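Subject: Structure handover

Hello,

Here is the structure I promised. Please open it alongside this note. My findings follow below.

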Amino acid sequence: MRIDVDAFKVLQVLVEEGSFAKAAERLHKAQSAVSYQVKKLEQHLGVNLFCRDQYRAELTPEGKVILAEGQRLLQYLANIEHLASRFSEGWEPKLEIIIDGALPMKPIMRALKRLSEQQIPTKVQLNMEFLGGVQDRFERDSADLMLVKDYRTGPSYRPQALPPITSVLVVSAEHPLAQEKRLSLFELQQHVELTIEDSSPDKHYRDELQFGGDKVFYLSGFIMKKNALLMGLGFGWMPDFLIEKELSSGELVEVDFSGGNRYSFTPQLVSTMERPLGRAGRLFTELVMEECRSETNLV
């Protein structure tokens, strides 16, 4: 015999009204029907839920515990009904987004905040990768979106350009390279280069901007790379939005490399026609594009 979930609603009304007669009136049921529903639940559970010798309908200690659990169950069911209602409106159960660690997170976080404020039922999963690891995970996880610095295109990919980002070749003000002028490639290669490690499992991606020297330290993220630069461990490329303060204060300086110490790239927000975006994916795309444009206009 299964528990009648509606019986917990009857219990709750009984406690609130204090009598079977008033509860029956509020529930638009006969008093005998209310009494039968409670008795049937008691028989099923094998415990007395109400004190029958009291004037008011009062719960026994066991009844109080069971009602508390029943209220929790009713809330769970209400949540399920709410989710089902939202899913029927076109919201997908899950949205997975892969982000390149070289991209600015502020506009992405603001877009996610605006998304969460709409109280949509979609579970959003955000993962960060580097270099070839972004597309590798996008394909391996069958993710919905990737925000990527560079990728191998294909006929089913749908890219949207994000605002350009500038990377700067920098070094600590205390490093020997900080004082040198018009450095050649050979001169740079005599020093430790700091770069980001490809997070794909087979490390198949090689950053074309590496200088090709033997002294290369591979780091797992830009925070670690920035700290290594500030320590004077070596030189390397950094997105300008991550080092504005350090460049302004003089802690980091641009390397005077004869081949140039700045380059710009246009990141892309990419989906695939093989996995069409649902309602949450389309909304996030709109929001992140708006936030990126807003960020650009503030600069």
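One definition before the residues: buried means under 20% relative accessible area, exposed over 50%, and partly exposed in between, with a 1.4 Å probe and protein chains only. This is a predicted model, where local features need pLDDT of at least 70, side-chain atom pairs count only at pLDDT 80 or more, and totals for chains, interfaces and linings use all residues. Residues are numbered from 1 along each chain as its sequence is written, and side-chain values use heavy atoms, with hydrogens and water left out.

Aromatic pairs

Rings of Phe, Tyr and Trp (its six-membered ring) pair if their centres lie within 6.5 Å; planes under 30 degrees apart count as stacked, over 60 as edge-to-face and the rest as tilted. Searching the whole structure gives eight aromatic pairs. One of them is Phe130 with Phe222: the ring centres are 6.1 Å apart and the planes stand at 50°, so this pair is tilted. The pair links distant parts of the chain, 92 residues apart. Phe130 sits in the loop between strand S4 (123-129) and helix H6 (132-140), and Phe222 belongs to helix H8 (residues 222-230). Helices (H or I, at least four residues) and strands (E, at least two) are DSSP runs, numbered from the N terminus. Phe130 is buried, with a relative accessible area of 11%. Phe222 is buried too, at 12%.

Trp237 and Tyr263 form an edge-to-face pair, 5.1 Å centre to centre with 90° between the planes. This pair also links distant parts of the chain: Trp237 is in strand S10 (residues 235-239), Tyr263 in strand S12 (residues 262-265), and 26 residues separate them. Trp237 has a relative accessible area of 11%, so it counts as buried. Tyr263 is buried as well, at 17%.

Which residues do ring pairs link into a cluster? They are Phe211, Phe235, Trp237, Phe257, Tyr263 and Phe265.

Charges over rings

A charge sits over a ring if NZ of Lys or CZ of Arg is within 6 Å of the ring centre and within 35 degrees of the ring normal. Lys149 places its charged end over the ring of Phe265, 5.2 Å from the centre. Arg275 lies over the face of Phe138, 5.0 Å from the ring centre.

Helix H3

Helix H3 (residues 31-45) has 15 residues. From first C-alpha to last, H3 reaches 21 Å, close to the 21 Å expected at 1.5 Å a residue; the expected span is 1.5 Å times one less than the number of residues. Its buried residues are Val34, Gln37, Val38, Leu41 and Glu42. They cover an arc of only 135° around the axis, which puts them on the same side of H3. The arc is that of the directions from the helix axis to the C-beta atoms. On the other side, Ser32, Tyr36 and Gln43 are exposed. The buried residues of H3 pack against helix H1 (6-17), helix H2 (20-27) and strand S1 (50-51), with contact meaning heavy atoms within 4.5 Å. Lys39 also lies in H3 and is partly exposed, at 40% relative accessibility. Gly46 follows H3 and has a positive phi, near 75°.

Helix H2

The buried residues of H2 are Phe20, Ala23 and Ala24. They fall within an arc of 100° seen down the axis, so they line one face of the helix. These buried residues pack against H1 and H3. His28 follows H2, with a positive phi near 60°.

Best wishes
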